[in-house]
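Take each task in turn, then follow the solution step by step.

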Amino acid sequence: MQYRVSPRVRVLLLPLVVGLAGCDMSLGHLTARATEEWTHTYSLSPGGEVRIANTNGRIDVEGVDGSTVEVRAERIARGATEAAARELLPRIVIKEDSRPDRVSLETERMSGIMIGVAFEVRYHVRAPIGAAINVTIQNMKEMIFFVPSCLRGD
């Protein structure tokens, strides 16, 4: 069976094929890496909630004494080249909303087509013991758990 490609489709595909053929990048091996650390501290009322929604990357939560939420997020960009990885870093946005009873953080999704790059955000959170923790990671079901006082890091 033979397939015919219309002239209109050829015109649309030609720049893409030429562009990819001229690139010396491996889409499977993103060996270049750029990182940036994002840190913030928030006050949280007793029994408050910490919400984190991440598109890609792990979230570590540790229960601590006090009423302060400490967040350290590692933004990690990978690319076929170092320049591509560095250019991606500013596009990794963490949206924050802080209130006395809730701290909400969200890794925003990127729009457009990404070729030859990837990213992740690794959250390291120290939250008050007794705070409600609500964590969502893309492609995973929502997880909600409570940090009881018996789970101290003593």
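A polar contact is a pair of N or O atoms within 3.5 Å; inside a protein, one of the two must be able to donate a hydrogen and the other to accept it. Keep in mind that this is a predicted model.

**Exercise 1.** Work out whether Thr 107 is buried or exposed, and find its side-chain polar partner.

*Solution.* Start by locating Thr 107: it belongs to strand S6, residues 102–107. Next, look at accessibility: buried means under 20% relative accessible area. Thr 107 has 1% relative accessibility, so it counts as buried. Then check the polar contact: the side chains of Thr 107 and Asn 54 meet at 2.9 Å. Finally, list contacts beyond four places in sequence: among them are Ala 53, Thr 55, Val 93 and Tyr 123.

**Exercise 2.** Give the strand order of the open sheet and say which strands stand at the edges.

*Solution.* First, the order: 4 strands run S1-S4-S7-S3, with mixed pairing. Second, the edges: S1 (32–43) and S3 (59–64) each have a single partner strand, so one side of each lacks a neighbour in the sheet. Third, the angle: neighbouring strands are turned by 10° against each other on average, ignoring direction.

**Exercise 3.** Which mean pLDDT does the chain have, and where does pLDDT fall below 50?

*Solution.* Begin with the whole chain: the mean is 80, and 71% of residues reach 70 or more. Now the local view: pLDDT is below 50 over residues 16–27, a stretch with 7 contacts beyond near neighbours in sequence. Residues 141–154 also stay under 50, and the model gives them 25 contacts beyond four places in sequence.

Methods:
Residues are numbered from 1 along each chain as its sequence is written. Side-chain values use heavy atoms; hydrogens and water are left out. Two strands pair if DSSP finds at least two bridges between them. Helices (H or I, at least four residues) and strands (E, at least two) are DSSP runs, numbered from the N terminus. Axes are lines fitted to C-alpha atoms, for helices over the stretch in contact, and angles run from 0 to 180 degrees between N-to-C directions. pLDDT is the predictor's confidence in each residue, from 0 to 100. Contact means heavy atoms within 4.5 Å. Buried means under 20% relative accessible area, exposed over 50%, partly exposed in between (1.4 Å probe, protein chains only).
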